[in-house]
Amino acid sequence: LYLFQDGTVGTLADKGTRTPIGVVITEKTPTQKGLAIALKRAGGGFAWATGPKKYEHHNSAPLSSDFLTQWNDYNGYKWTWEKEGSFDGVTIKANSTDFPAFYAAAHYQPGPTITGANVGKWFLPSIGQIKLTIARLNKADVNAKTEWDPYLSYRQLDANFDNIFLQAGGETFRDD
């Protein structure tokens, strides 16, 4: 499924005059927000933080040395858009150029004007959200360790990325 500029979701075969802006990772339900990944790169740099903020990335999960804490973190929105997601408890990384990756993700422009009121803010995904993305695009159960090896799945996914993103007007995520 794809997210369209008008906030609806559907397949490319059903797009009509709508323009795809993202790939749906989890569908919105009455009790849960949906999650979509942008079709194109946000650009703007890949550094988490620069200058005096260099070591002030986050205040918990993303800086944790415990892999499982990071692996099960689904708070990309918090780390990007909420002051509680910053080291100082004040800075909103989405609004600070001291955090280029967060700033670029938050200010991503998909191309067409978004007309759907239900399309939320763009944000830098957490490790858990990246895990969900890879699993969804691989149609794998991330909890079934016999079925899903992240490294192998990513290599297999390379070709699928081109198909999934390029056919909707997006771009590849590979650096050839």
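This is a predicted model: local features need pLDDT of at least 70, side-chain atom pairs count only at pLDDT 80 or more; totals for chains, interfaces and linings use all residues.
## A look at the core and the rings

Eleven residues form the largest nonpolar core here: Tyr2, Phe4, Val23, Ile25, Leu35, Leu39, Leu137, Phe161, Ile164, Phe165 and Ala168. Two or more of these residues come from each of β1 (2-4), β3 (20-26) and α5 (150-166), and α5 is the top contributor with three.

Of the 176 residues, 39% count as buried. The protein exposes about 10200 Å², and carbon and sulfur atoms supply 54% of that.

Now for the rings. The count of aromatic pairs comes to three, and here are two of them:

| Aromatic pair | Centre to centre | Angle between planes | Type |
|---|---|---|---|
| Tyrosine 77 and phenylalanine 123 | 5.9 Å | 80 degrees | edge-to-face |
| Tyrosine 108 and tryptophan 122 | 4.9 Å | 80 degrees | edge-to-face |

Tyrosine 77 sits in helix α2 (residues 76-81), while phenylalanine 123 is in the loop between α3 (100-106) and α4 (127-138), 46 residues apart. Tyrosine 108 and tryptophan 122 both lie in the loop between α3 and α4, 14 residues apart.

Tyrosine 108 is buried at 6%, and tryptophan 122 is buried at 13%.

Charges meet rings too. Arginine 18 lies over the face of phenylalanine 4, 4.0 Å from the ring centre, and phenylalanine 4 also belongs to the core. Lysine 93 lies over the face of phenylalanine 99, at 5.9 Å from the ring centre.

Terms used
Residues are numbered from 1 along each chain as its sequence is written. Side-chain values use heavy atoms; hydrogens and water are left out. Buried means under 20% relative accessible area, exposed over 50%, partly exposed in between (1.4 Å probe, protein chains only). Accessible areas come from the Shrake-Rupley method with a 1.4 Å probe; for residues, only the protein chains shown count as cover. A nonpolar core is a set of buried Ala, Val, Leu, Ile, Met, Phe, Trp, Tyr and Cys residues joined through side-chain atoms within 4.5 Å. Helices (H or I, at least four residues) and strands (E, at least two) are DSSP runs, numbered from the N terminus. Rings of Phe, Tyr and Trp (its six-membered ring) pair if their centres lie within 6.5 Å; planes under 30 degrees apart count as stacked, over 60 as edge-to-face and the rest as tilted. A charge sits over a ring if NZ of Lys or CZ of Arg is within 6 Å of the ring centre and within 35 degrees of the ring normal.
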